[in-house]
Amino acid sequence: MAKFQYIARDSAGQEQRGTIDANDRASAIQAIRASGLFPSAIGEVKGAAAPAAAKKDPKSAKGAKSAAKGGGLGSKQINIRMPKFLMGRVKPKDLMGFTRQLATLVNAGLPLMKCMEVMKKQKMSPAMMDCLNGLGENIAGGATFSESLTAYPKVFDNLYVNMVKAGEAGGVLEVVLTRLAEFAEKAQKIKNKVKGAMIYPAVVLTAAIGITAFLLVTVIPKFQQVFNDILGGQQLPAITEFVMKLSDGVQHNGLQILVGFAALVVIYKVFGKTKWGAYQLDKLRLSVPVTGTLVRRTAIAQFSRTLGTLLSSGVPILQALVIVRDTTANLVVRRAIQSVHDSVKEGESMTDPLAASGVFPPMVVSMVQVGEETGQLPDMLTRVANTYDDEVDNAVAGLTAAIEPALIIFLAVVVGTIVIAMFLPMIKIISSVSGAGA
């Protein structure tokens, strides 16, 4: 029996090193994988004293590491040298492109190693190329594709890994990869629409705040001085007095206002970090009159599509519910999914906890019930997701259509109020000058 020295990564992507006794290199890799690690470099230790010498002498340790990286491993060597600052830097667009292209290549009958070699020749981001190198080397070292993905937890999440694992088990990897690409594209599409809808309101609101601050700090004080000089302390209109006092408050208490605003932001962040506070904020997001509908529909669409995709890919329902729960951001929806998981675990139906949660509308509950009774739950969930994707699109369009004129009116009211407040005393000045001239 030979002794092998290895460098491996755990499920969190952390590097682990050690030695293992095995009959051959393949057995060593299998034993390392059985312990929950994924080898990135492995080589046979020549002589029993080699491990001890490597521990005592740093140079010897470096030599052993070099041997593991060099010719001692032959053509089956695997090396992962992905800098930590690159982990998680793969953009969603790059990941979608990788998944779509890999699905096409696998569907064409190419082995995974050949697929990796073909994709390496394409122009990709450095982070994605680093992932490709690591995946190819892990697969060459004997790891399955799903096991290789777990070495990059910041790039490939639990949803991705478990769907690939189910595809490998069922021999339908190309189908699963295609579903993953479609899922990611739809999710990114909704995300981009929501972000795009918020750009214009954010610009208008920023402009309104900037213009108002400029008028209060720069313009109003000059008018105030003019009014004092000409009117000699006469009574000004109520709206003018209000604007003047507001201007004085901003000028003399500007720092306090900024500090107060910063304090509110910090309190909000700290409150949101607590378990109870985060839950209450998520509950509030679902119940806000205008945006709450959009948040609720987006959460339902994500739940339905994710669960439907996992079930249609062969992932067991309990495991699928855990993945959906962990990938859901809203804590209220997450608690509802946990209730569904507990109910299914006890052999009961999904519909009762879905209805009791208050998050899912009766239509969704009814379709899930029909899916359970007919054995077509994945198809029903996909239909629900498609329906709510359309509703999200309509909600975003309606929200944008409502916010744009509302913000324009708000800006017009703010600026118009300041203009009128400054114009009314001017009328009084003009009247007094005309009377004096007469």
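This is a predicted model: local features need pLDDT of at least 70, side-chain atom pairs count only at pLDDT 80 or more; totals for chains, interfaces and linings use all residues.

Reader: Let's turn to helices. At roughly what angle do the axes of H13 and H14 cross?
Author: H13 covers residues 291-312 and H14 covers residues 317-326. Their axes come within 9 Å, and the crossing is right-handed. The angle is roughly 145°.

Reader: How many charged residues are in the contact of H13 with H14?
Author: From H13, the residues that meet H14 are Phe-303, Thr-306, Leu-307, Leu-310 and Leu-311. On the H14 side they are Ile-317, Ala-320, Leu-321, Ile-323 and Val-324. By class, this contact has nine nonpolar residues and one polar residue, and the number of charged residues is none.

Reader: Is Ser-304 buried or exposed?
Author: Ser-304 sits in helix H13. It touches Leu-381, Val-384 and Ala-385, not counting residues up to four places away in sequence. Because its relative accessibility is 0%, Ser-304 counts as buried.

Reader: How far apart in space are Ser-304 and Thr-382, C-alpha to C-alpha?
Author: In sequence, Ser-304 and Thr-382 are 78 residues apart. In space, their C-alpha atoms are separated by 6.4 Å.

Reader: Why does Ala-166 count as buried?
Author: Ala-166 has its place in helix H8, residues 158-170. Leaving out residues up to four places away, it touches Ser-313, Gly-314 and Val-315. Of these, Val-315 is 149 residues away in sequence and 5.8 Å away in space, C-alpha to C-alpha. Ala-166 counts as buried because its relative accessibility is 14%.

Reader: Which residues is Ala-421 in contact with, leaving aside neighbours within four places in sequence?
Author: Ala-421 is found in helix H18, residues 377-437. Because its relative accessibility is 0%, this alanine counts as buried. Met-244 lies 177 residues from Ala-421 in sequence, yet 8.9 Å from it in space, C-alpha to C-alpha. The contacts of Ala-421 are Ile-239, Thr-240 and Val-243.

Reader: Now the whole chain, please. Among contacts between residues at least 6 apart in sequence, what percentage join residues at least 24 apart?
Author: The chain has 18 helices and three strands. Buried residues make up 37% of its 438 residues. For the contacts you ask about, the share joining residues at least 24 apart is 62%.

Reader: And what percentage of the accessible surface belongs to carbon and sulfur atoms?
Author: The accessible surface of the chain comes to about 23500 Å². The part belonging to carbon and sulfur atoms is 61%.

Note on methods: Residues are numbered from 1 along each chain as its sequence is written. Side-chain values use heavy atoms; hydrogens and water are left out. Axes are lines fitted to C-alpha atoms, for helices over the stretch in contact, and angles run from 0 to 180 degrees between N-to-C directions. Helices (H or I, at least four residues) and strands (E, at least two) are DSSP runs, numbered from the N terminus. A crossing is left-handed if the near helix is turned anticlockwise from the far one by less than a right angle, and right-handed if clockwise. Contact means heavy atoms within 4.5 Å. Ala, Val, Leu, Ile, Met, Phe, Trp, Tyr, Cys and Pro count as nonpolar, Asp, Glu, Lys and Arg as charged, and the others, Gly among them, as polar. Buried means under 20% relative accessible area, exposed over 50%, partly exposed in between (1.4 Å probe, protein chains only). Accessible areas come from the Shrake-Rupley method with a 1.4 Å probe; for residues, only the protein chains shown count as cover.
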